[in-house]
Amino acid sequence: MWSEALAIESGTWIVTVLIAYSAAAFFAHLSLALLASDEVGAQRKRQLLTDPLHLFGSSQAPAISILMPARNDARTIVEAVRALVRLDYPALEVVVVNDASSDGTLDRLIAAFELRPSQRTPIAAVPRGSVRGVYGAPHLPGLVVVDMAKPGSRARAAGFALAYARHPLVLVADAGTVLERETLVRLALPFYEDASVTGVVGVVRPSNGSVIERGQVTFCGRPASRIARFQTVEYLRAMLSQRLAWQSQDAVFLVPGTLGLFSRDALRAVDSFRGGNVGDDVDVCMRLQRHAAKFGKHKVVRCVSAAVAWTRVPESLRVVARQRTRWYQAVAEALWFNRELLFNARLAIRQGLAFLFHVVFELYGPVIETLGQIALVVLLARGELDIPLFVIYFSVFMVGGTVPSLMALALERSACPRFQRGDDLESLAVYALLENVGWRQMTALWRIAGLWRALWGIRTWGARRRGRNAAGEAAEVKEAA
Amino acid sequence: MANPAAEKWLGQLQGALAERMDRWAAAVNVIAGPGLERGTAARSEAEQVSSAFERFLAGAILGEEMVQIVSGARPDAFWAALEAFSDGSTAEEWQMLSRPLLGAPEVKREAGRLRSFSSWRRALAARRVGLLEAPEMCEPLRKALARGPERVTIQAALALSRLRDLPGLAWLLQHPEATARRTRRQLVTVLAGFGLEGAGELRTAIAGGKAASPIHVAAIEVLGLHGDAAAVSALENTLRAGALDARVTAARALSRIAAPESSAALLAALDDEAWPVRAQAARALAAIPDRAHVAALVAHVGDVSWWVRRHAAYALGAHGEHGRQALEQVERGSQDMFAADIAREVLQQLEWSEEIPGGFASVV
């Protein structure tokens, strides 16, 4: 029997393996989409039992420090800080770290907020000579600016911000990220209700196509750029649907470029923001999960779909490519450094399965898909392609890529409905189908590049370039870290 | 059923099934989507209900008419309107509105759901029923409180706190295990809701000085928030011999009460082995400035813990001219770099104090 099987042509084997892999990926992603729907149901029920605005009118809101690493953000930094200072939260401070910018970021801050040199002392030890100065303003006691002497990674800058922060909960924000009015309240609520919670992540959505006035999203629409539309579908699938699914399984692991509120003590316990690796600020949740498992604690990291932040996604392929390469490098490094999650008896089996999913479908999936598709082209050129099998593979590939995205778009309406025009989601549904031809293949190449950089340990903070927002104003398009 | 174990098992099974059904119903609702038309209809019904409440309070319609109008609305619209309306109403208006609403079929149905198999449904019923100012709801709410689990207990407790139900408060304090996973902050909100009428129960609960559970620690915090001078002695006992969380909270409560007679206990707490207690004790001394505290505070500006150094230095800042002089001496003469740094920070804050909104006291 084996000899018969081996006698089958190599082309048939390749297509069969690809069909099996694509079918497995489809069922895994479909399961996640269904779990996400179930989780949204659970979160809607929980929301009926809470009244966050009323609760946070009291003096019992846990205090939050927002950490904002900034490098060469002169164009956006003042408006970004102003938006944070204006946020509706009873106990808030903002710690900006100017990571040795060369474009006058610090001067803009000093001028806009009338900052003066401050004698503020750090809670944790700061290496001598690493900080050039600390600035504050008497009329804004909740704002501190730390000026770094030398540039480093974003995680390192966040680590310095943490040393100067004083509140028990911390959130690392980006100069290009806009938080909704109630976002902090929604993120802080699980900390208020459950003593075991150490981290809460929200949902980040592309702001392209939306109107932002005075730090608030006043209109939400689909992006004008096609590249941004593809990314909108991706964000809803990865940052809303999949994250909610992993939340239901107590396995929220990777939070690249995200919105996360963490317990300061827990961050210190897991030695976060060390600054040595690209993935340092990506794997915080994994480290928190591992740490909690040592003490037999579960559900320490939560994902709240009602907590939304907006970020401008790049509209040029070159910038997207660099961003994605860096993200997947971070993911690869994070998975490697937290490999203990795979076979750790103290963790639940579902966390091991979640880790396996990330390795098989997120990390190595693009390699398998790309090699397989190259092989298909070669087979086609040599006239050895089994056409019926290829049709099956293509169908599974298309359906598997489209259905989870469509389910994520449907989830948007229930979990965090923001689109104000009825046809925005319908038009994005077309992109859920189109992304399988071209965009998905390009993403796979960027992922492979990220994996390659992780293998060779290549380090960068991330470059940036300018784009234009829907209103035509010049806006900083920064690579989300 | 004769066998209690089987009865318990059956109850658990029914509860689990009911929970699952609720969750699936919500999930189906998610897949179906909220729908713009449905959302608009619900908003319109909620507006009609609100309008009926307003007309009743204005004397334009009778209670029976109001009940008839609101009975036609969907349950979700009715409760959403009631909750929104509760925010802007006075206590008298609320009492006036609650009386006729007790006769509304939806309110009766919701009260019945306090006995539902689904714990989530019981919790939601407790939250909704607790909106009404109706003492007759206390008894069913107390039963839900005792039945648990924790999420039902907390919703029933919040409802009972609005009704100022002291037996409910007593039950909570006698059953700390029922709220063991809840945070101190949430429990403070619950206990503070019982108002000053509950202070006696809170004092009794912490009288032994051995309070350690979250609800008892929250009781200590609430006594401080009430500024309850009668609790000072019990708080001092807790500060001396309580568990770590209780000692920290007792120091904070004494700071809020700001009774000068607490000085001795707080000065003693400056030498506690746990830094959070030392830090809170130093902070508490800022609230009762006395020249006699200065030397002890200066000694702690050089503490090994940053938080103790910080609170001791800011407490000195709150001690007027004597404190300022002590800080200047530390800044100029201390061999301890960390002590000099924190003294410098506080001196700058004192310099800036006229420009700080709320003055220096707001940054202590």
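**Domains and sheet of chain A**

Modeller: The C-alpha centres of domain 1 of chain A and domain 2 of chain A lie 30 Å apart. Domain 1 covers 8-60 + 179-457, and domain 2 covers 63-167; such bounds come from an automatic or database domain assignment. This is a predicted model: local features need pLDDT of at least 70, side-chain atom pairs count only at pLDDT 80 or more, and totals for chains, interfaces and linings use all residues. Residues are numbered from 1 along each chain as its sequence is written, with chains lettered from A and ligands numbered from 1 in the order in which they are written.

Now the sheet. In chain A, ten strands form an open, mixed sheet in the order 3-4-5-2-1-6-11-8-12-7. Strands are DSSP runs of E, at least two residues; helices are runs of H or I, at least four; both are numbered from the N terminus. Two strands pair if DSSP finds at least two bridges between them. Strand 3 (116-117) and strand 7 (177-179) of chain A are the edges, each pairing on one side only. Strand 1 (residues 64-70) and strand 2 (residues 92-98) of chain A run parallel, joined by seven bridges. A:Met68 has A:Val96 as its bridge partner in strand 2.

Two helices lie across strands here. Helix 7 of chain A lies across strands including strand 12, at about 170 degrees to strand 12. Axes are lines fitted to C-alpha atoms, for helices over the stretch in contact; angles run from 0 to 180 degrees between N-to-C directions. Contact means C-beta atoms, placed from the backbone, within 7 Å.
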